[in-house]
Each structure stands twice: as structure tokens, then as C-alpha cells.
Amino acid sequence: MSGDGDARLGGRALQRVVYGEETIRRRVRELGAEISAAYAEDGQLLVLGLLKGSFLFLADLVREVRLPIQVDFLVASSYGAGTSSSGEVRLLYEPASGLDGRSILLVEDIVDSGTTLARLLPLLERRGAKRVDVCALLHKRLPGVTVDVRWVGFDAPNSFLVGYGLDHAEDFRHLPYIASL
Ligand code: PRP
């Protein structure tokens, strides 16, 4: 690892860099171009970032989208301080923007068990969204996870990943790369 102190937060060592800065930058640029083309005819798009994990991905992605968009956030939490999903999702903050009749792009950092999306997508549809597509930077593609994700940055390994928004007990989110713990 880089030896700059980032890699040993809280005494836990990172194993290896899985997606480096340049790899992420290149893929985010591609996603931005695909999204720009897909919504070119749609009018104004509402990009909803699912916090906290998506904050860096969202910030980089929206700068690659060449369309008139609006940005808002929602907060859901499905993990405690451990390294496996509890299967519970709590909504801690809802978007202030009206969703009625809107085309929404929900931006997520990682699809793991799929619980978060399985819970959120129907909720957004119930609020009257015209259409909700998901863009996830990482997707573990675990068996049995059938949630519909339109754009995926990378098919991710089934290990505990941190950095570029992803945390372990709130540490490591700020790293500009994604590493396994
Ligand atoms: C993580 C991650 C996704 C979700 C994925 O969020 O950011 O939103 O879990 O897991 P799932 O597919 O098993 O539901 P978390 O609840 O840890 O909150 P955070 O975004 O604040 O880190």
C-alpha cells in the first residue's frame, strides 16, 4: 500500500488496491457519456445520490454528465459497524425535491445483498417517479440478487471493499481508490 498513513486507519490494514484512481476515473467518464446519451431526449433528470457511500462517485459522475440535471440526496443505512449486511434498511433522510413525474437516476456506490435497492426502488415509485434507473459503481452480483441496475461501473469481488465513499465503521471513505480490507 502507499505508506502515507491512509492504509492503516484504526489499526486495520488494507489488503490490496482493487480499483485505482485512474481506473475509476476512466470508468466514471464512460458512465457519464452513456448516461448523457441515454437521457438526451428526456428533459430534466433528477440525480439522487444515496448517502453516504455514493458521495465521491456522485460528485465525479455528475461532472461527466452533459445534460441539464438536478441533484438531490437520500440517506439509508443497512449496515452497523460490522462487515456483513444486517438486511435492515433505515431511511434517515428523504429527498427535498418533488419526485412526481420525474425521471430519476439513483446513484449507489455498491450493490451487495440488494436489500437497500429492493426497498428504495418501490418507495421512489410510490412517490410518483415517472421512471427510476440505477447507476451503481460496484455490483457484487451475488447469487439470488435480482435487483435491476441499469449501469454498473465494475463487477466487484465478494470481499469487503473500502475507499472512494465506501467505509468500514466510517473509516476509509476519503481514499481516492477502492481497496479490500
Ligand atoms: C451500503 C452501501 C449501499 C448498501 C449496499 O450502505 O453504500 O448503499 O450498503 O448493500 P446492500 O445491497 O446489501 O443493501 P450503508 O448502509 O453501509 O450506508 P453508507 O452508504 O452510509 O455507507
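What volume does the second largest pocket have? About 170 Å³. The model is predicted.

**Stop 1: the whole chain**

Show the chain as a cartoon. Three helices and nine strands make up its secondary structure. Trace the elements from the N terminus and you read β-α-β-α-β-β-β-α-β-β-β-β. Now colour by burial. Of the 181 residues, 46% count as buried. Switch to the surface. The chain exposes about 8,700 Å², and carbon and sulfur atoms supply 48% of that area. Contacts come next. Take those between residues at least 6 apart in sequence: 68% of them join residues at least 24 apart.

**Stop 2: the second largest pocket**

Select E21, I24, R25, V28, R29, D60, R63, E64, Y164 and P176. These residues line the second largest pocket. Which element gives the largest share of the lining? Helix α1, residues 21–38, with five residues. Colour the lining by class.

**Stop 3: the aromatic pairs**

How many aromatic pairs are there? The count comes to two.

Select Y19 and F154 for one of them. Their ring centres lie 4.3 Å apart with the planes at 20°, under the 30 degrees cut-off, so this pair is stacked. The pair links distant parts of the chain. Y19 sits in strand β1, residues 16–19, and F154 in strand β7, residues 151–155. The two are 135 residues apart. Both Y19 and F154 are buried.

Buried or exposed, what is Y39? Y39 has 1% relative accessibility, so it counts as buried. W151 stands at 6%, and therefore counts as buried too.

**Stop 4: backbone points to check**

Go to L51 and K52 and display the backbone. A cis peptide bond joins them, with omega at about 0°. K52 lies in the loop between β2 and α2.

Move on to R141. Its phi is positive, about 50°, although R141 is not a glycine. Where does R141 lie? In the loop between β6, residues 131–139, and β7. R141 has 47% relative accessibility, between the 20% and 50% cut-offs, so it counts as partly exposed.

Next, select A169. Here too phi is positive at about 50°, and A169 is not a glycine. A169 is in the loop between β8, residues 161–162, and β9, residues 178–180. With a relative accessible area of 35%, A169 is partly exposed.

**Stop 5: the end of the chain**

Follow strand β9 to S180, which lies in that strand. S180 has 7% relative accessibility, which means that it counts as buried. Display its neighbours, leaving out residues up to four places away in sequence. S180 touches L14, Q15, R16, V18, S159, F160 and L161.

Finish at L181, in the segment after β9. L181 is partly exposed, with a relative accessible area of 27%. Which residues does L181 touch, not counting those up to four places away in sequence? R12, A13, L14, Q15, F160, V162, H168 and F172.

Conventions:
Residues numbered from 1 in each chain as written. Predicted model: local features only at pLDDT ≥ 70, side-chain atom pairs only at ≥ 80, totals over all residues. Heavy atoms only, no water. Helix = DSSP H or I, 4+ residues; strand = E, 2+ residues; numbered from the N terminus. Buried < 20%, exposed > 50% of the residue type's maximum accessible area, 1.4 Å probe, protein only. Contact = heavy atoms within 4.5 Å. Areas by Shrake-Rupley, 256 points an atom, 1.4 Å probe, with all protein chains shown as cover. 1 Å grid on protein atoms, 1.4 Å probe; cavity = no way out; pocket = protein on both sides within 12 Å on 5 of 7 lines; lining within 4 Å. Points joined across faces, edges and corners; volume = space filled by probe spheres on them. Phe/Tyr/Trp six-rings, centres within 6.5 Å; stacked < 30°, edge-to-face > 60°.
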